[in-house]
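Please look over the sequence and the structure before reading on.

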2 protein chains.
Amino acid sequence: MGHMTTESKAAGPALPASPPLTERQEARRRRILHTSARLASRGGFDAVQMREVAESSGVALGTLYRYFPSKVHLLVATMQDQLQHLHETLRKRPPSEEDPGARVAQTLMRAFRALQREPHLADAMVRALTFADRSVSPEVDTVSRLTTAIILDAMGLDGPPSPEQLSAVRVIEHTWHSALITWLSGRASIAQVKIDIETVCRLIDLTTPGRSHHRPPPSA
Amino acid sequence: MGHMTTESKAAGPALPASPPLTERQEARRRRILHTSARLASRGGFDAVQMREVAESSGVALGTLYRYFPSKVHLLVATMQDQLQHLHETLRKRPPSEEDPGARVAQTLMRAFRALQREPHLADAMVRALTFADRSVSPEVDTVSRLTTAIILDAMGLDGPPSPEQLSAVRVIEHTWHSALITWLSGRASIAQVKIDIETVCRLIDLTTPGRSHHRPPPSA
DNA sequence: CGGTAATCTAGAACAAGTTTCAGAACTGAA
DNA sequence: TTCAGTTCTGAAACTTGTTCTAGATTACCG
């Protein structure tokens, strides 16, 4: 079948761009994602077993792999899904703080508390995200863009962000992911994660002119 | 890397603290770690296959698992090993910069260039590190302490670090790990990693009194 | 040296992710 | 409806991490 029929071959239903999914396909995809989240909530990364996802979604194993070409793809897609929800939820109650840094810290701590409610699910998604290799880059990138959007939203800027602010946001994202991992693997407490987030969020006020920087006096 | 390390127990067979290893056992352990690094250098995480590590180290599979209870344990131990080397190498040429933040950034970029020489090895070690679950926490913690030591060394402080400085170091570590991951998975360029590191290292100068902060004026 | 417990070896066996394949079911078009 | 192409199913096979077992080897102690 070699010749470039752009629609079907290279990318199954999983790809966001090419193929318009039929009704039933869209339903299958949603069923799979739902099952994935359910199993992950129960027992984390290891509890999401491809055979069980397939069976519990009423789909053959081969079909599952056509929709999501690996377990990591599946879990990263699950994270995309959950992040969408989170973004909308967070949008409904914008942060109450004044300084952009404090606003971002407040928002991320809200997100963190949401994750604490389903720690196993968080474990599965974050482990998949950091374990993903190059073949998952596009999907991981989508998650990254979503996270960036959440942070920029929280900052509540008037205009577009400056390059320095974007750098700060990148670093905040790094810290966010890595701090989550240390918490999930039991090497950092919730309080410690809070401190780390608040620490890194100072970078934002550093790059935001015209606001009151209360830099704490060098003692303490 | 002599035998004079004050602590060789941290990764004995099975138990963290108990048994003094015999000559042959120490040799086996080193052979295994060497094989692990060699295979990882060739093809990254996936190329380190437990059967091949065992065979190529002249050791039975069961013995390999007695020394390192999982592939992740093995690779994290490999990272410990490599980090020791790196720490000593970096120590020989302390950074030339003035400000602590710039010194740390310079040191981390040197470390980064070292990793670039063996990107597959870096991939294997970093993926193992972030994929590690609770059962590997002690070993991962050791790696974290080593990294902290490298950064504190680079800062070149006179006295002990302040709590604020320790927080900044934690955030730098987070950024370091996460930036490495984005680079390894092809989602960030080398230049981008450099920017991220330099950005986060400003946090250090923020918390270091009595130095020249050239904070950029809140320009237009 | 002899005995005993721990360690090591070789290899089978098991678990879960992934691939493959033949055929049934579905889709869209003539 | 019929036909051709695609998708889905069910099941087996393959891969690699991990566990298990029986017997050989080694280390230690009297």
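## Surfaces near the DNA

Near DNA strand D, the surface draws at least two residues from each of four helices: H1 (23–43) and H3 (61–67) of chain A, and H2 (50–56) and H3 (61–67) of chain B. The model is a predicted one. H3(A) provides the largest share of this surface, four residues. In all, 21 residues lie around DNA strand D, and those that come nearest are A:Ala60, A:Gly62, A:Thr63, B:Gln49 and B:Ser70. Sorted by class, the surface near DNA strand D holds seven nonpolar, nine polar and five charged residues.

DNA strand C is likewise surrounded by 21 residues, of which A:Gln49, A:Ser70, A:Lys71, B:Ala60 and B:Thr63 are the closest. Here the elements giving two or more residues are H2 and H3 of chain A, along with helix H1 (23–43) and H3 of chain B. With four residues, H3(B) gives the most to the surface near DNA strand C. The class count near DNA strand C is nine nonpolar, seven polar and five charged residues.

## Helix packing

| Helix pair | Distance between axes | Crossing angle |
|---|---|---|
| H4(A) and H6(A) | within 8 Å | roughly 120° |
| H6(A) and H8(A) | 10 Å | about 125° |
| H6(B) and H8(B) | within 10 Å | roughly 130° |

Helix H4 of chain A covers residues 71–92. Given the angle of roughly 120°, H4(A) and H6(A) are therefore oblique to each other. Their crossing is left-handed. On the H4(A) side, the residues that meet H6(A) are A:Val72, A:Leu75, A:Val76, A:Thr78, A:Met79 and A:Gln82. Their partners in H6(A) are A:Ala124, A:Met125, A:Ala128, A:Leu129 and A:Phe131. The contact of H4(A) with H6(A) has nine nonpolar and two polar residues, and no charged residues.

H6(A) also packs against H8(A), at an angle of about 125°, and the two helices are therefore oblique to each other. The crossing of H6(A) and H8(A) is left-handed. H6(A) contributes A:Ala122, A:Asp123, A:Val126 and A:Thr130 to the contact, while H8(A) contributes A:His177, A:Leu180, A:Ile181 and A:Leu184. Five nonpolar, two polar and one charged residues make up the contact of H6(A) with H8(A).

In chain B, helix H6 (residues 119–131) and helix H8 (residues 163–184) cross at roughly 130°, which makes H6(B) oblique to H8(B). The crossing of H6(B) and H8(B) is left-handed. The contact is formed by B:Ala122, B:Asp123, B:Val126 and B:Thr130 of H6(B) with B:His177, B:Leu180, B:Ile181 and B:Leu184 of H8(B). These residues of the contact of H6(B) with H8(B) comprise five nonpolar, two polar and one charged.

## Confidence in chain A

The mean pLDDT of chain A is 88, with 85% of its residues at 70 or more.

Another is residues 211–220, with five contacts beyond four places in sequence. Where pLDDT is low, the predicted coordinates should not be read in detail.

Technical notes: Residues numbered from 1 in each chain as written. Chains lettered and ligands numbered in written order. Predicted model: local features only at pLDDT ≥ 70, side-chain atom pairs only at ≥ 80, totals over all residues. Near = placed C-beta within 6 Å. Nonpolar A, V, L, I, M, F, W, Y, C, P; charged D, E, K, R; others polar. Axes fitted to C-alpha atoms, helices over the stretch in contact; angles between N-to-C directions. Parallel < 35°, antiparallel > 145°, perpendicular 65-115°, else oblique. Left-handed = near helix turned anticlockwise from the far one by under 90°. Contact = placed C-beta atoms within 7 Å. pLDDT = per-residue confidence, 0-100.
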